Amino acid sequence: MRKIVRILMAAVLVAASAFGMAACSEKEYEATTVGAGHIAGGSLTKTVIETTVVVDAKKNIVSVHFDEVMAVDSVTTASIITSKVAAGLKVNLTNSRGTADYCKYVVIDGVAFEVTDNEGTYTDYVEITENATKRSIVTLSKTDDGAKWYYDAVKANKCFIGKLDTDGETVVADTTIPFKYTEAKGMFKRDSGYWSGTNYPLGIKGNYEKLEAYLLAYGFDKIPTGTWTADATSKQFKDTAGVSTEATMVDTPAYVKVAKAAYEAACAKIA
């Protein structure tokens, strides 16, 4: 499962009194980080981790909020997409994750990409350009700027399946096909019901909530550094001091890393 990243910051001033009496007003500082976390072979980045952290003037965490965005290959292999794409505009590819139909083209924020299987090793989308240097989704997903670019495009509804223009050569966006995972699950995971069922009792949202609670309880300054491990029986991730987060996501350390970046960005705003 791959993941991608960015930093976007905004300050929030919160009024102190419900009755408008400003005797004890406090400032809160908010930062949202979209980060590239776990990178694995066999597929494109599966999700983009989004984390918002709010701190008070003493750098105490007020709130932590996680969400994720589906990645390109999750969308282009989805039946909601492939069932609507013409036969000539999808390609059957095999990589380390198996065989599936992928949309041949995608257009992200006006940039056209074509699918490739990299000789059967992993699937990627490579920029269609005459330039000597061609960007790819996998390459972009490993950088903060690339993750930010993809996340912003998703949020602004600038991601599309590609099609050939009337000249039969130029790849343009097909705005008639929705760019989403399924009818029930949109691009954002938290409230989509993603990762649910008897095998995933917490679900993605429950995992977020467990990790959010852990971070609120311990604060980033108290989290020990080092390698985090999952309990062999419960699958719950523990920090290096042995304290369980109760979250079972294999990418828990990546979530913490992205959240810490958001925390540090929020703290940097404190005068």
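This is a predicted model: local features need pLDDT of at least 70, side-chain atom pairs count only at pLDDT 80 or more; totals for chains, interfaces and linings use all residues.
Arginine 135 and glutamate 127 pair up through their side chains in a salt bridge, with N and O 3.1 Å apart; the term stands for a side-chain nitrogen of Lys or Arg within 4 Å of a carboxyl oxygen of Asp or Glu. Residues are numbered from 1 along each chain as its sequence is written, and side-chain values use heavy atoms, with hydrogens and water left out.

Searching the whole structure turns up 7 salt bridges. Another one of them joins glutamate 183 to lysine 180, with 3.2 Å between the closest N and O atoms. Glutamate 183 is exposed, at 58% relative accessibility, whereas lysine 180 comes out as partly exposed at 23%.

Then there is the pair made by glutamate 246 and lysine 210, whose side chains meet at 3.0 Å, N to O. Lysine 210 belongs to helix 5 (residues 203–218) and glutamate 246 to the loop between strand 14 (237–238) and helix 6 (252–267), so this contact ties together parts 36 residues apart in sequence. Helices (H or I, at least four residues) and strands (E, at least two) are DSSP runs, numbered from the N terminus. Both ends are partly exposed: glutamate 246 has a relative accessible area of 36%, and lysine 210 one of 30%.

Methods
Buried means under 20% relative accessible area, exposed over 50%, partly exposed in between (1.4 Å probe, protein chains only).
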